[in-house]
Amino acid sequence: MNSNRRVAITGIGVVSALGPTRDAFWRGLIEGRSAIRPMELVPKGAVRFPNAAEVSGFQSVDYFDDKDAEVLDRFAQFAVVAAREAIAGSGAEFRNGMGERTAVVTGSCVGGQTTEDNEFRGLYALGHTRFPPMTIPKAMANAGASRISLDYGITGPVFTISTACSSGNHALGLAFWMVRSGMVEAAIAGGSEAPFSLGLLKAWEAMRVVSPDTCRPFSRDRRGLILGEGAGMLVLEPLDRAQARGARIWGELAGFGMSSDAHHITQPTAEGPARAMRAALADAAAAPEAVGYINAHGTGTPSNDATEAEAIRSVFGAHAEKLMVSSTKSMHGHALAAAGAMEAAGTVLALRDGIIPPTANFTEPDPACDLDVVPNTARTAQVEWALSNSFAFGGLNAVLVFRRID
Amino acid sequence: MSDELIARVAAVIAKTQHIPAESVTIHKTFEELKIDSLDGINILFALESEFDIDIPDDEARQIRSVREMVEGIEKLLAAKEAR
């Protein structure tokens with residue numbers, strides 16, 4: 001075990017409402033383009049909120065043969081498609097014993113929700129008495145991780161983490177620690193989600209946290225979050241190994257910190273997120289003053305954004321004035337377990353390209369979120385260190401630290 | 001605001017919060033009754049069933065007391081009546 005290894009990101013794959021590729025995602029973010037549109041995956045008017053960030057036009061047949069498409073839920077398909085893009089770009093190979101020394105760690109909040117919803121509807125409403133035999137392996141939360149391991153012959157540690165909206169960051173953080181410690185030589189990590197089943201949307205409706213129009217993080221007139229879907233996957237490897245094989249290096253995953261509020265099942269605190277940010281900075285051995293950008297959790301709910309701003313101020317003190325803080329959920333929606341993974345991709349690309357993605361749909365400042373939220377237009381800025389925040393219902397906070405590698 | 005309406009709203013709040021009905025009076029704030037945001041949405045859910053109405057999120061967010069809740073329900077019931 002070598003705890004001093006630096007960890008490089010050598011592959012990035014994204015499926016999002018902005019498009020089914022990393023490039024479509026990044027182009028959307030730097031154009032400040034919001035992919036929030038009228039929902040198409042559930043009947044119109046069936047829930048109170050009409051809009052979402054769906055991956056429109058995603059067709060299984062474009063990526064899978066008929067038999068595979070039938071046994072993979074939409075959330076697992078997103079995971080596999082994003083992993084393919086990340087792995088192909090990384091040039092990583094899993095032969096000659098590498099498969100055994102590689103991990104797959106995915107985040108999933110609701111698993112094969114649409115599959116379950118569909119079959120349960122058959123049972124309760126349509127008088128069906130039998131389920132397709134693949135329902136269980138199709139709906140299990142680790143379906144995406146398992147499929148990636150099968151497709152690539154990855155036989156090391158493969159598992160799935162479920163911590164609601166922090167799942168993606170927890171998955172990336174643990175995979176990062178596994179690579180850094182020498183437990184594995186590579187990891188495919190991220191998160192995926194496909195939450196657009198009518199049953200689940202009715203439950204979200206009852207929570208009264210979904211906006212009736214759009215997602216306006218940090219704006220005074222914000223009215224809630226907008227649900228999204230998709231996947232983000234990164235390939236992680238020791239930096240020296242990645243350099244030795246001449247891999248393309250997108251950036252460094254440099255730190256991970258987590259905490260629990262132990263305060264309330266849904267109401268956030270500033271203390272818990274602040275502790276996670278401090279832990280992540282300490283893990284990365286990064287000074288708060290070195291950080292230039294934070295990709296915020298920024299859900300657009302009245303309570304999250306104000307609390308997150310307070311947490312950022314408490315960690316960064318006077319330096320908070322110099323930070324750029326944006327929420328890209330204004331563009332790709334809140335994709336639950338995929339959110340942290342997509343935002344990790346966005347943060348790495350921001351450092352690499354020197355472009356900070358904006359907070360879209362911004363209307364007017366809220367004194368309770370008095371930070372530079374990069375309103376509506378991307379900004380050119382060379383930044384070395386950045387944070388990406390994820391905070392979950394249940395009070396679970398997970399923060400990643402990224403560093404630019406020139 | 002009829003006494004009957006106040007009593008029905010108070011009964012729903014008391015039942016949802018698992019507190020004695022007599023503790024829920026028109027003058028109480030939610031804070032005094034220790035109703036937090038999650039309790040609040042449970043109460044809204046129960047009231048929507050009780051009165052067969054839809055309580056919009058934006059209006060619900062402003063409600064901080066039993067009186068405001070009863071007034072809001074009264075308005076929604078009047079609107080339902082008028083339909």
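Biologist: What percentage of the 83 residues of chain B counts as buried?

Modeller: This is a predicted model in which local features need pLDDT of at least 70 and side-chain atom pairs count only at pLDDT 80 or more, whereas totals for chains, interfaces and linings use all residues; side-chain values rest on heavy atoms, with hydrogens and water left out. Residues are numbered from 1 along each chain as its sequence is written, while chains are lettered from A and ligands numbered from 1 in the order in which they are written. A residue is called buried under 20% relative accessible area, exposed over 50% and partly exposed in between, with a 1.4 Å probe and protein chains only. By that cut-off, the buried part of the 83 residues of chain B is 37%.

Biologist: What is the radius of gyration of chain B?

Modeller: Helices are DSSP runs of H or I with at least four residues and strands are runs of E with at least two, numbered from the N terminus, and chain B has four helices and zero strands. The globule rule, 2.2 Å times the number of residues to the power 0.38, is compared with a radius taken over C-alpha atoms. For 83 residues the rule gives 12 Å and chain B comes close to this, so chain B is as compact as a globular protein of that length, with a radius of gyration of 12 Å.

Biologist: Among contacts in chain B between residues at least 6 apart in sequence, what percentage joins residues at least 24 apart?

Modeller: A contact here means heavy atoms within 4.5 Å. The C-alpha atoms of chain B fill a box of roughly 35 × 25 × 20 Å along the principal axes, and of its contacts between residues at least 6 apart, the part joining residues at least 24 apart is 62%.

Biologist: Is B:Q17 buried or exposed?

Modeller: B:Q17 belongs to helix α1 of chain B, which covers residues 3-17. Beyond its neighbours within four places in sequence, B:Q17 is in contact with B:L33, B:K34, B:I35, B:D39 and B:I43. Its relative accessibility is 15%, and therefore B:Q17 counts as buried.

Biologist: Which residues of chain A lose the most area to chain B?

Modeller: Buried area is the accessible area, with a 1.4 Å probe, that two parts lose on being put together, summed over both. Chain A and chain B bury about 1000 Å² between them, 41% of it on carbon and sulfur atoms, and the contact takes eleven residues from chain A and 13 residues from chain B. On the chain A side, 56% of what is buried belongs together to the residues that lose the most area, A:R48, A:R208 and A:R223.

Biologist: What is the relative accessible area of A:V374?

Modeller: A:V374 lies in the loop between β11 and β12 of chain A, and has a positive phi of about 50 degrees although it is not a glycine. The loop between β11 and β12 (379-380) also holds A:N361, a residue other than glycine whose phi is positive and near 65 degrees. A:V374 is buried, with a relative accessible area of 0%.

Biologist: What distance separates the C-alpha atoms of A:E321 and A:D370?

Modeller: A:E321 sits in the loop between α11 (302-316) and β10 (324-326) of chain A, and is exposed, with a relative accessible area of 56%. A:E321 and A:D370 are 49 residues apart along the chain, and their C-alpha atoms are separated by 8.9 Å.
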